[in-house]
Amino acid sequence: MDLSLFAITLLNGLSYGLLLFMLSSGLTLIFSMMGVLNFAHASFYMLGAYFAYQISTWVGYWPALVLAPVLVGAVGALVEKYGLRRVHKWGHVPELLFTFGLSFIIVELVQIVWGRAAVPYKVPEELQGPLFTLFTTSFPTYRGFMMLIALLMLVAIWLVLTRTRIGLVIQASLTHPETVEALGHNVPRVFMLTFAGGTALAGLAGVIGGNAFVTEPSMAALVGSIIFVVVVVGGMGSLAGAFVASLLIGTMQTFAIVIDYSGLKLLEDVGLVVTESNPLHGLLRLTLAQVAPILPYLLLVLVLIFRPKGLMGTREG
Amino acid sequence: MSTNAAPAGREIRFEPIDVGRWFVWGFTALVFLVLPLIFRSGFAITLLSQMGILIVFALSYNMIFGQGGMLSFGHAVYSGLGAFFAIHAMNWISAGTLPLPISLLPLVGGVFGALFGVLFGYVTTKKAGTPFAMITLGIGEMVFAASLMFPGFFGGEGGISGNRVVGEPFLGITYGPAIQVYYLIATWCFVSMVAMFAFSHTPLGRISNAVRDNPERAEFLGYDTQRVRYLVLIVSAFFAGISGGLAAINFEIVTAENVSAARSGGVLLAAFIGGAMFFFGPIIGSVIFVLFAIALSEWTKAWQFYLGVFFVVMVMYAPGGVASLILMNLRVMKYRLFGRMRDAYTGVLLSGAVLLVGLILLVEMSYHLTLNFATGSRTKIFGFGFDGAQPEFWVLAVGTTIGGALAFEAMRRRFASDWGAVQEQIEDQVQREQRA
């Protein structure tokens with residue numbers, strides 16, 4: 001692998017990692033505030049992509065970039081107010097089950113409205129083509145745009161959480177909801193806003209991820225389990241941990257896909273030849289690109305064995 | 001249980017319960033025996049066989065979920081891997097390299113299910129609660145991804161197929177006809193049910209309840225909660241593997257779908273809808289789930305949507321599942337107060353039916369428009385012709401839905417207040433009886 005390919009792959013990995021962070025940050029915020037693991041989080045990501053596709057066919061991509069996340073956030077607020085709040089009194093498991101059932105329903109609704117095949121949600125013309133070319137490998141403009149949006153969002157979250165009144169109330173509600181309520185703040189409303197905000201972030205990720213990848217009914221399931229891995233690896237409820245884990249897993253998966261190297265080759269390079277009669281041949285034959293899908297889960301298992309709190313987590317539970 | 005009861009008095013009370021238990025199990029066995037004689041069609045036998053398989057799976061799942069408080073999103077790993085080993089064993093039996101009767105094949109699935117329980121459970125049971133749920137999801141995805149990676153063992157996209165009709169017939173049993181397979185499944189299902197019920201009464205089964213309800217206190221009593229979770233998971237994985245072995249015999253094919261997240265989610269739905277807090281809940285849930293997944297899917301492509309809505313409605317309004325609904329109504333009947341609920345029930349059921357019809361019209365018309373566009377906009381719902389391209393049909397559907405929803409909400413409120421009043425009266429009566 002030469003240096004230019006390395007640099008481009010790194011950039012691709014970082015852009016994917018940032019996309020993962022847009023998803024996992026909302027999930028983490030909702031989890032640390034309400035104790036709810038939003039199983040349907042990736043479904044809101046999918047809704048974002050489909051809404052953006054629909055809006056962009058009517059009024060174009062740029063309005064969709066703003067409108068779709070707002071719509072997804074509104075859906076999230078309704079879900080919190082009329083669904084989650086009702087089951088809250090029965091504890092966290094019914095809440096988790098509620099969002100689990102919701103993810104079922106959203107996938108089916110999406111199929112009812114937009115059909116089972118992928119929809120032609122495309123990158124807008126002005127963002128097509130390469131941003132720059134390093135020797136022979138080029139970096140797409142849209143990837144750069146994704147990174148820009150993700151970084152802007154990152155700064156925006158940070159500013160909202162640390163520099164505004166509502167951000168301070170949210171931070172306080174994370175740890176001391178009763179005290180915040182006693183001080184006269186409407187904590188259920190804060191919960192609703194957090195849930196809406198988290199789902200809107202997922203929606204935004206869907207808007208910019210949907211056309212970078214494919215907008216289809218299975219997109220929620222594809223990314224859903226990865227963001228759970230991110231949240232556990234980073235440490236449950238830690239935003240910084242989610243950030244590190246997102247970038248780690250994003251770059252890891254992107255690099256694994258481009259590396260065509262197997263255990264068999266590794267052994268050959270050190271002078272060992274494994275023949276097909278060896279029982280381990282089937283395992284060693286697999287290239288890194290082939291095992292890429294299971295790498296995040298292997299990382300999850302390793303982290304759980306050696307650091308159960310997660311990379312930057314504070315609580316073990 | 002009152003604390004001042006003498007120990008001697010308690011021991012005597014066991015006897016009539018045991019008689020009741022013999023009666024219940026005897027009746028269950030009879031039901032298994034008689035059902036295929038009542039429902040004779042091939043389709044019914046298919047349904048019954050699949051119900052038997054799912055009952056074992058759902059009960060094994062409930063061992064960790066309802067009884068042990070561990071919400072898992074990856075239980076299909078154990079049943080699926082058990083099924084893969086069982087189908088390979090079946091092929092070895094066909095090849096003559098493994099001297100084992102087909103009837104004992106589920107045991108192969110069970111043993112390998114338990115082995116993977118030992119392996120994966122070590123990682124997953126380090127945590128409880130929400131982290132446990134997420135880790136099981138991750139492990140499930142890992143196994144699913146790995147299953148497509150090793151085509152030698154998992155057969156890739158096509159899966160591994162086998163043939164259950166091998167060897168000499170024993171007493172005329174070849175497992176060729178579906179009815180023989182049904183009785184094999186029924187036998188294994190019954191034995192597993194009894195075994196799992198017995199397990200829930202062992203000290204380990206009991207302490208797993210304690211770990212579910214109050215892990216801190218269980219730890220102070222000197223129990224290692226992680227170890228309890230681990231052991232229960234292994235036992236549960238064993239029974240999941242048995243259900244996998246049964247599935248391998250029934251379908252004669254095992255694919256990656258057997259270890260998929262959809263399968264894990266399905267067993268969770270079945271256990272919860274039936275009622276996770278009761279031993280017999282998952283049995284009811286399995287019957288309902290199979291009716292949805294196989295019977296309803298014959299009628300409509302939107303069955304998963306209906307199942308999802310049904311599940312969410314249960315989570316929101318009846319977290320104890322169908323089993324709790326049955327038990328609560330039995331209690332009302334026992335205190336002879338059901339008559340007072342009759343009007344409320346009629347109202348709720350009638351308005352609910354109207355709402356349901358409206359929703360079904362909407363869903364079916366939309367589904368037909370998006371998915372079967374090539375066949376035109378006309379479709380048949382409830383035997384009547386509907387045309388999704390004509391606005392009047394949409395007006396009808398939306399009107400029925402809104403009208404049904406308004407009526408249902410009004411009736412629901414009335415039902416809730418009546419129900420509350422009746423429950424209060426029962427509580428009063430119970431307290432009076434206790435004082436007397």
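Where in chain B does B:R336 lie? It sits in the loop that runs between α14 (321-334) and α15 (338-371) of chain B. Here are my notes on the rest; bear in mind that this is a predicted model.

1. B:R336, continued. The residue is not a glycine, yet its phi is positive, at about 55 degrees. Most residues other than glycine have a negative phi. B:R336 has 8 C-beta neighbours inside 10 Å, so it counts as exposed; the cut-off for that class is 12 or fewer.

2. B:E252. Here is another non-glycine residue with a positive phi, this one of about 60 degrees. You'll find B:E252 in the loop between α10 (225-251) and β2 (253-254) of chain B. Its 17 C-beta neighbours inside 10 Å make it partly exposed, because that class lies between the exposed limit of 12 or fewer and the buried limit of 20 or more.

3. Chain B as a whole. The chain has 16 helices and 4 strands. Its radius of gyration is 24 Å, which agrees with the value near 22 Å that a compact globule of 436 residues would have. Along the principal axes, the C-alpha trace spans about 75 × 65 × 45 Å. Buried residues come to 40% of the 436. If you take the contacts in chain B with a separation of 6 or more, 77% of them are between residues 24 or more positions apart.

4. Chain A as a whole. This one has 14 helices and 2 strands. The radius of gyration of chain A is 21 Å, close to the 20 Å from the globule rule for 317 residues, so the chain is as compact as a globular protein of that length. Its C-alpha atoms fill a box of roughly 70 × 45 × 40 Å along the principal axes. Of the 317 residues, 44% are buried. Among contacts in chain A with a separation of 6 or more, residues 24 or more positions apart supply 77%.

5. A:G209. This glycine belongs to helix α8 (residues 187-210) of chain A. Leaving out neighbours within four places in sequence, A:G209 is in contact with A:L19, A:Y45 and A:A49. Have a look at A:G48 too: A:G209 is 161 residues away from A:G48 in sequence, but their C-alpha atoms are 9.2 Å apart.

6. Where the chains meet. On the chain A side, 40 residues are in contact with 37 residues of chain B. The elements of chain A that give two or more residues to this side are α3 (61-87), α4 (92-114), α9 (219-234), α13 (288-291) and α14. The largest share, 13 residues, comes from α4(A). By class, the chain A side divides into 29 nonpolar, 8 polar and 3 charged residues.

7. Helix α14 (residues 295-306) of chain A and helix α5 (residues 129-147) of chain B have axes that come within 9 Å and cross at roughly 140 degrees. That makes α14(A) and α5(B) oblique to each other, because angles have to be over 145 degrees to count as roughly antiparallel. The crossing of α14(A) past α5(B) is left-handed. On the α14(A) side the contact is made by A:Y297, A:L298, A:L300 and A:L304, and on the α5(B) side by B:I135, B:G138, B:I139, B:E141 and B:M142. By class, this contact has 7 nonpolar, 1 polar and 1 charged residues.

Note on methods
Residues numbered from 1 in each chain as written. Chains lettered and ligands numbered in written order. Predicted model: local features only at pLDDT ≥ 70, side-chain atom pairs only at ≥ 80, totals over all residues. Rg over C-alpha atoms; globule rule 2.2 N^0.38 Å. Contact = placed C-beta atoms within 7 Å. Axes fitted to C-alpha atoms, helices over the stretch in contact; angles between N-to-C directions. Parallel < 35°, antiparallel > 145°, perpendicular 65-115°, else oblique. Left-handed = near helix turned anticlockwise from the far one by under 90°. Nonpolar A, V, L, I, M, F, W, Y, C, P; charged D, E, K, R; others polar.
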